[in-house]
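Please look at the structure first, then read the points below.

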Amino acid sequence: MPLLGCVADDFTGATDLASTLVRGGMSAVQVIGVPEGPLPEADAVVVALKSRTNPPADAVRDSLAALDALRDAGCRQFFFKYCSTFDSTDEGNIGPVADALLERLGAGFALACPAFPANGRSVYRGHLFVGDVLLSESGMKDHPLTPMRDPNLVRVLGRQTAGRVGLVNFPVVERGAGAIRDAMAALATEGHRYAIVDAVTEADLMAIGEAAAEHPMLTGGSGVAMGLPENFRRQGLLPARDAAALPTRRGHKAVLAGSCSRATLGQVAAARASLPVLELDPLATPDAAALARQALDWAEARLGEVPVVIAASAPPEKVAALQAQLGRGDAGALVEEALATVAEGLVARGVGQLVVAGGETSGAVVSRLGLRTLRIGPEIDPGVPWTHAEGASGGLHLALKSGNFGAADFFTNAFQGE
Ligand code: ADP
């Protein structure tokens, strides 16, 4: 029976959370979309929704459906995961979703802590910092969907909920788990529904996690989940074992790159030194089926011992040229459609180990392959684990990389070992 049930408001955020829990010694699976049927066995189940920027009513409906499935499976504690930059608007969706989940659980209080020190996100005196600047001075102020122009999270969350929002500030957090627990209990007694909790270091996050051991639900970034495995271990519920164990990787190896982020462009360039690389040219062939055919013909002759790399990734001027020709949305959709078709074709040709670069690209591939559940394995680079989708002929190993993640040698490094 799972111990921890999580609802994440986007796909890569769900992977990040699941990977954090695995590092802490909990086995974890990521379920894509509202679960249908019985949940797979794991200590933690993370449901990945796409609810960050939906209309609030849709986000609430999907989140409640996910919660119901997690409750039915027997989870003891729940976690609502959002972005470490608190991506939301005055309409939601953090407040409305958290309100609905608390109500369904019959609970009156939850902490809210997006801090993620390893990625430079810290909360001090209720204010969220990105590196050395306030959230409102970071790139997030110009985000196309969720511009963040107020760094005071007590105010930000306060605008999204009818409940009262309080603060457990750093001088309290510094005194450790007992002081944090008492401060949260006092806020709850005074009628607060939420407490923003300051956190600057991973030690703070561990203390906050310990302080919330008895809370029915926590809300936050993946950072604050760091402290949760230890709670279950302390209760004797988490046996010592390799939580990151996956079946042995098998089958041909391939990389699909649809991200045009700087890190991915560097990884494609680095791969050229040692691997066969095909660069697709959607400008010359603006036809998804034709592009996919080219890629599969090229790959067919090369699949074998070394990984093949198929990249649509292109520098900004090339991306702009295709967008000028087709429009921004259609350009992205064309490339995503092509790469999803290539993924399907590669799996049909015996690829069993597939790395995909790009968040939207990963979404397109997972959806085309009809994958519903990914078991989370060991990390290749921070935030990017190998995952395994069960299925016919040994299933499929996938590493889904958000565009800007990973070191320069990610595409070769991913296949080391085994
Ligand atoms: P990231 O994680 O870096 O944001 P995504 O996969 O989320 O990567 O987004 C990259 C987008 O760019 C996708 O929609 C992809 O289809 C599109 N794309 C990839 N290659 C090209 C290209 N050569 N021209 C235009 N768009 C492209």
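In this predicted model, 20 residues of domain 1 are in contact with 13 residues of domain 2, where contact means heavy atoms within 4.5 Å. Domain 1 covers 4-234 and domain 2 covers 252-413; these bounds come from an automatic or database domain assignment.

**Between the domains**
- The C-alpha centres of domain 1 and domain 2 are 31 Å apart.
- About 1400 Å² is buried between domain 1 and domain 2, and carbon and sulfur atoms give 55% of this area. Buried area is the accessible area (1.4 Å probe) that two parts lose on being put together, summed over both.
- On the domain 1 side, Phe 11, Ser 19 and Ile 32 lose the most area to domain 2, together 33% of what that side buries.

**Around the ligand**
- Of the 18 residues around the ligand (a heavy atom within 4 Å), those that come nearest are Ser 259, Ser 261, Glu 336, Glu 360 and Thr 361.
- By class, this shell has seven nonpolar, nine polar and two charged residues. Ala, Val, Leu, Ile, Met, Phe, Trp, Tyr, Cys and Pro count as nonpolar, Asp, Glu, Lys and Arg as charged, and the others, Gly among them, as polar.
- A polar side-chain atom of Glu 336 is 2.5 Å from a ligand oxygen atom.
- For Thr 361, a polar side-chain atom lies 2.6 Å from an oxygen atom of the ligand.

**Notes on the values**
- Residues are numbered from 1 along each chain as its sequence is written, and side-chain values use heavy atoms, with hydrogens and water left out.
- Local features need pLDDT of at least 70, side-chain atom pairs count only at pLDDT 80 or more, and totals for chains, interfaces and linings use all residues.

Notes
A polar contact is a pair of N or O atoms within 3.5 Å; within protein, one must be able to donate a hydrogen and the other to accept it, and residues adjacent in sequence count only if both atoms are side-chain atoms.
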